[in-house]
Amino acid sequence: PGIATEPVGERRLTMKIAVIGASGFVGSAIVKEALDRGHEVTAIVRHPEKVPPHANLHSEKGDVYNADDVARLVAGHDVVISAFNPGWGNPDIYNLQVKGARSIIDGVKKAGLKRLLFVGGAGSLEVKPGVQALDLPGFPAEYKQGALATRETLNMLRNESSLDWTFLSPSADLAPGQRTGTFRLGTDQMLTDAQGKSRISTQDYAMAMIDEVEKPRHIRQRFTVGY
């Protein structure tokens, strides 16, 4: 893994990016990062009225469980980013997350798009060879079903031959913080800092996501970001 830093003085091409789940915890950070870099963003959400206005932002109400609706809303975009999550407090989070992910994948394919990026989870990262975090006895019960669902989403993507997909797993501790622009990238293993902590700010996570949109380096791969 190398240090990822923000390119200086480079002219970026403006892209049309559809973000599903754009008003959520991670989705809103991704939208801000994309807008700050001058991209045109369509926010696909349940409640468009919750999305703050911006000249380059268009909000659309969409049903994530309807592949035809997804296809209609993402058509004409360069890239789709899914930050969809039915809510950690939802008792049926596993089934709804898997159903939504399947619908998003099918909708993007129906729209004839190739590039799909998913906000992944840290639970499916390896903490030692062959052992994923969510399989450890101490993995928090309240996050287990959601983590299992995001792992299943990764498995679904790995079976997709027609999409140029990418799945970005955060570090274990994902929380609002600074946009430092200095972080490490990894693949399937959880990254930890010198103190043994696995962490990344939502701002730097969003930066890694939009970096990947602009300069794809992990086509048909999962990667992770951490300090």
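Reader: Where is Arg220 found?

Author: Arg220 is found in the loop between H5 and S13. Those labels are DSSP runs counted from the N terminus: helices are H or I runs of at least four residues, and strands are E runs of at least two. You are looking at a predicted model, in which local features need pLDDT of at least 70 and side-chain atom pairs count only at pLDDT 80 or more, while totals for chains, interfaces and linings use all residues. Residues are numbered from 1 along each chain as its sequence is written, and side-chain values use heavy atoms, with hydrogens and water left out.

Reader: What is the phi of Arg220?

Author: Start with the general idea: most residues other than glycine have a negative phi. Arg220 is not a glycine, and yet its phi is positive, about 55 degrees.

Reader: What does its relative accessible area tell me about Arg220?

Author: Arg220 has 38%, so it is partly exposed. Compare two other residues. Val45, in strand S3, counts as buried at 3%. Asp193, in the loop between S11 and strand S12 (199-201), is buried too, with 15%.

Reader: How many residues apart in sequence are Asp193 and Tyr227, and what separates them in space?

Author: They are 34 residues apart in sequence, with 5.7 Å from C-alpha to C-alpha. For another pair, take Val45 and Leu168: they are 123 residues apart along the chain, and 21 Å separates their C-alpha atoms.

Reader: Now to a strand. Are the residues of S6 buried or exposed?

Author: In S6, 5 of the 5 residues are buried, so the strand is largely enclosed by the rest of the structure. Both of its faces are covered: Arg115, Leu117 and Val119 lie on one side, and Leu116 and Phe118 on the other.

Reader: Which strand pairs with S6 over 5 bridges?

Author: Two strands pair if DSSP finds at least two bridges between them. Strand S9 (residues 164-169) pairs with S6 in the parallel sense over 5 bridges. In S9, Thr166 is the bridge partner of Leu117. Strand S5 (residues 79-82) also pairs with S6 in the parallel sense, over 3 bridges, and here Ile81 stands opposite Leu117.

Reader: What do S5, H3 and S6 make together?

Author: They make a right-handed β-α-β unit. To judge the hand, point the strands away from you: right-handed means that the path from the first strand over the helix to the second runs clockwise.

Reader: How many residues does the largest nonpolar core have?

Author: A nonpolar core is a set of buried Ala, Val, Leu, Ile, Met, Phe, Trp, Tyr and Cys residues joined through side-chain atoms within 4.5 Å. The largest one here has 35 residues, and Ile30, Ile81 and Tyr205 have the most contacts inside it. Elements giving two or more residues to this core include S5, S6 and strand S13 (221-226). H5 gives the largest share, 7 residues.

Reader: What volume does the largest pocket have?

Author: Its volume is about 1,000 Å³. It is lined by 38 residues, and Phe25, Val26, Asn85, Trp88 and Val119 are the closest to its centre. Val119 also lines the largest cavity.

Reader: How many nonpolar, polar and charged residues are in these linings?

Author: Ala, Val, Leu, Ile, Met, Phe, Trp, Tyr, Cys and Pro count as nonpolar, Asp, Glu, Lys and Arg as charged, and the others, Gly among them, as polar. The largest pocket has 21 nonpolar, 14 polar and 3 charged residues in its lining. For the largest cavity the lining divides into 5 nonpolar, 5 polar and no charged, and for the second largest cavity into 5 nonpolar, 1 polar and 2 charged.

Key: 1 Å grid on protein atoms, 1.4 Å probe; cavity = no way out; pocket = protein on both sides within 12 Å on 5 of 7 lines; lining within 4 Å. Buried < 20%, exposed > 50% of the residue type's maximum accessible area, 1.4 Å probe, protein only. Points joined across faces, edges and corners; volume = space filled by probe spheres on them.
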